[in-house]
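Subject: Structure handover and notes

Hello,

Here is the structure for you to look over. My notes on what was found follow below it.

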Amino acid sequence: MGDVMIPVVGQRVTLKRDVERFPHFIARAGLTGTVSTSVAGEFLSVRMDAPLDGAEDWDNEVQWIDADMDWIGGDLEVTL
């Protein structure tokens, strides 16, 4: 993960690029959400503001686990 800062619960984020969770859904760049779970280096979950077709079983959340954590710096931007 290097020097990437992992967002904390409650922070607002914007997707910087499309995030694919094949075969379930693709969350498109520019979508916004709120960090709902954050375990440093292990797990991050963001509840998206807009409904994502196919993410119903995930409670409309995009999740990063283990190896996916290396991508967070390119996937997310913390917004105010």
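Leaving aside its neighbours within four places in sequence, which residues is V62 in contact with? The model is predicted, and in it V62 touches V19, R21, F25, A27, L44, S45, V46, M48 and L52 once those neighbours are set aside.

The core

V62 also belongs to the largest nonpolar core, where V62, L44, V46, W64 and L76 are the residues with the most contacts inside it. This core has 17 residues. Two or more residues come from each of β1 (12–15), β3 (25–27), β5 (43–48) and β6 (61–65). The largest share is that of β5, with three residues.

R21

One of the contacts of V62 is R21, a residue of strand β2 (residues 19–21). R21 is buried and has no salt bridge. The nearest side chain of opposite charge is that of D68, at 4.3 Å; a salt bridge needs a nitrogen of the Arg side chain within 4 Å of a carboxyl oxygen. What R21 does have is a polar atom of its side chain 3.0 Å from the backbone oxygen of Q63. Apart from neighbours within four places in sequence, R21 is in contact with W58, V62, Q63, W64 and D68.

The aromatic pair

How many aromatic pairs does the count come to? The count is one. The pair is formed by F25 and W58 and is edge-to-face, with 5.1 Å centre to centre and 80° between the planes. F25 is in strand β3 and W58 in the loop between β5 and β6, so parts that are 33 residues apart in sequence are tied together by this pair. F25 has a relative accessible area of 5% and is buried. F25 is also among the contacts of V62, and W58 is among those of R21.

Is D75 buried or exposed? With 6% relative accessibility, D75 counts as buried. D75 lies in helix α1 (residues 72–75). The side chain of D75 makes a polar contact of 2.6 Å with the side chain of R17 and another, of 2.8 Å, with the side chain of W64. W64 is one of the core residues named above. Setting aside neighbours within four places in sequence, the contacts of D75 are T14, L15, K16, R17, V19 and W64.

The side chains of D75 and R17 also meet in a salt bridge (2.6 Å, N to O). R17 is in the loop between β1 and β2 while D75 is in helix α1, so the pair ties together parts that are 58 residues apart in sequence. R17, at 33% relative accessibility, counts as partly exposed, whereas D75 is buried.

Other salt bridges

The count comes to four salt bridges, and the one between R17 and D75 has been described above. Two further pairs are noted here.

R12 and D49 meet through their side chains in a salt bridge of 2.6 Å, N to O. R12 is in strand β1 and D49 in the loop between β5 and β6, and this pair links distant parts of the chain, 37 residues apart. R12 counts as partly exposed at 29% relative accessibility, and D49 counts as partly exposed at 44%.

The side chains of R28 and D18 form a salt bridge as well, at 2.7 Å from N to O.

V39

V39 counts as partly exposed, at 35% relative accessibility. How far apart are the C-alpha atoms of V39 and I65? They are separated by 9.5 Å, and the two residues are 26 residues apart along the chain.

Regards

Technical notes. Residues are numbered from 1 along each chain as its sequence is written. This is a predicted model: local features need pLDDT of at least 70, side-chain atom pairs count only at pLDDT 80 or more; totals for chains, interfaces and linings use all residues. Side-chain values use heavy atoms; hydrogens and water are left out. A nonpolar core is a set of buried Ala, Val, Leu, Ile, Met, Phe, Trp, Tyr and Cys residues joined through side-chain atoms within 4.5 Å. Buried means under 20% relative accessible area, exposed over 50%, partly exposed in between (1.4 Å probe, protein chains only). Helices (H or I, at least four residues) and strands (E, at least two) are DSSP runs, numbered from the N terminus. Contact means heavy atoms within 4.5 Å. Lys and Arg count as positive and Asp and Glu as negative; His and the chain ends are not counted. A polar contact is a pair of N or O atoms within 3.5 Å; within protein, one must be able to donate a hydrogen and the other to accept it, and residues adjacent in sequence count only if both atoms are side-chain atoms. Rings of Phe, Tyr and Trp (its six-membered ring) pair if their centres lie within 6.5 Å; planes under 30 degrees apart count as stacked, over 60 as edge-to-face and the rest as tilted.
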